[in-house]
Every structure is written in structure tokens, then in C-alpha cells.
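Please keep the sequence and the coordinates at hand while reading.

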Amino acid sequence: MSRAIERRAPSIASSKWWKEERHGVFLDYNQNAKDRTTCSAYSVRPLPDARVSTPLHWHEVSDCDPADFTVLTIPKRFAALGDPHADIEAAPGSLQTLLDLAAKDEAAGLADAPWPPHFRKMEGEAPRVAPSRTKMPLIVVANSPNKEAALEGLERWKRKYAQVAGLLAIDDILVDSMRGRSSTWTRIRVNLRHVPEAQRPPQETPDPDDDPTREWRQSIARRAR
């Protein structure tokens, strides 16, 4: 389905798994993988105000504020309006059209889309090689558990290399939310594909450089040796 949407709206939709190849809205098909944490209706989200993933009527979507739907407000809403999802199982759909699309792609020689890196190689999957390891000239400019601190580091890098920064496209700045063992942190990379090779800055120590998983990864590497 992600590929079909990308074909219909190629300027705004992307089904590319690797961040370096994406643009517009990423259709994250791998949220269907077995260990994903996509939230269900009425689940409480891990935010300070305990927001709740709330089914809406279509007429509510255009001007709703997610902050209005919390553990304190949803019981009242439910009592007053009922459940917009109440009849969801009354209109079952079919996967047959999608299965037909998948069969058509396979017959045309299109390999299965990449799975997340920590899954074993799947049957029919294309070679799982990140563009950053093959053709994309990427450098890391910031690592921090604090996203604002990482973004400030990016601005310092832009000031330091102002001429290079002026050559970058919007999607050359890659701001990634990285998962650690028990926390997340922000990694910011810069794709230098639009910068002439002679002008590309070297990989320097990121600023800031606070990767909370570094010590753990180094201990794993030592044990492996």
C-alpha cells in the first residue's frame, strides 16, 4: 500500500525505509512488524499531560487540539458522545486488492521492501544495505538526549561552515530519534551530497556528543572480542 501511495503522489509521499532516501511524508509500513508499538484507540500516551489516542468524527479533525484529549477529559467525552469506533467491526475490509498489488510487483521483479535492521533477512527481500554505507556522504554533527541541545549544535555547525550550509537542501539535514536500552536521544547528521567533494568538511567530534548508549555498546564490543 505504501508503494501504491508513493506512485500516486510521488512529490509528497515516500515509502523508502532508509532516512537518507526519504522526502515528504514517510509511510512507515514497518509499523506492522511484530514488535512495533503502534497505539490502539484510547491508549494513554507517555506525555506529562497523559494524552489519550482518541477516535474522532471527521468533522472534528480540522481544528482539534491533541492536548484536549487526556485521561481527565476522555471519560466525559465518551459519556457525552459515545465511541466513534463503536461500529468499526461492522464493515470488515479485504486485503485482496493489496495482495494483488504485491503479486504484481513481485512478478515485475520488485523485491520485498526492507525490514528493520534487527530482523533476520526475509525471503524475497532486497539486499539490506544502508545508503549511508554505500553512496551518501554523511557526517554526524550532534548527539544528545536533549533535542534542543542537539539542534543548537547543528546551528553552531552551520555557522562554522556557513558556505557549506548554504548548499544544503532541506532533506540533507537528518534529525533522528534514536532508541537506546531505556531512553532515546537525538542524532543529527548532514548529507553532503550537494557539496563539491573538495569543500566537504571532515567528520569531527559531534557537538554535543552525548550518546547514552556508547558505554553499553563499547562493553558489548569488548565482550565480543
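How many helices and how many strands does the secondary structure of the protein come to? In this predicted model, the secondary structure comprises seven helices and five strands, and from the N terminus on the elements follow the order α-β-β-α-α-α-β-α-α-β-β-α. The overall values are gathered below.

| Property of the protein | Value |
|---|---|
| Buried share of the 225 residues | 29% |
| Share of contacts with a separation of 6 or more that join residues 24 or more positions apart | 52% |
| Share of the accessible surface, about 15,600 Å², that belongs to carbon and sulfur atoms | 55% |

The largest nonpolar core has 13 residues, and those with the most contacts inside it are Val-141, Trp-157, Val-190 and Leu-192. Two or more residues of this core come from each of β3 (138-144), α5 (147-160) and β5 (184-191). Leaving aside residues up to four places away in sequence, Val-190 touches, among others, Val-141, Leu-154, Trp-157 and Leu-168.

Helix α5 has 14 residues, which at 1.5 Å a residue should span 20 Å, and this agrees with its end C-alpha atoms, which are 20 Å apart. Buried in α5 are Ala-150, Gly-153, Leu-154 and Trp-157; seen down the helix axis, the buried residues of α5 fall within an arc of 105°, so they line one face of the helix. The face turned away from that buried side carries the exposed residues Glu-148 and Arg-159. At the N-terminal end, α5 is capped by Asn-146, with a side-chain oxygen 2.9 Å from the backbone nitrogen of Glu-148.

Methods. Residues numbered from 1 in each chain as written. Predicted model: local features only at pLDDT ≥ 70, side-chain atom pairs only at ≥ 80, totals over all residues. Heavy atoms only, no water. Core = buried A, V, L, I, M, F, W, Y, C linked by side-chain atoms within 4.5 Å. Buried < 20%, exposed > 50% of the residue type's maximum accessible area, 1.4 Å probe, protein only. Helix = DSSP H or I, 4+ residues; strand = E, 2+ residues; numbered from the N terminus. Contact = heavy atoms within 4.5 Å. Expected span 1.5 Å × (residues − 1). Arc of directions from axis to C-beta. Polar contact = N/O pair within 3.5 Å; in protein donor to acceptor, adjacent residues only side chain to side chain. Areas by Shrake-Rupley, 256 points an atom, 1.4 Å probe, with all protein chains shown as cover.
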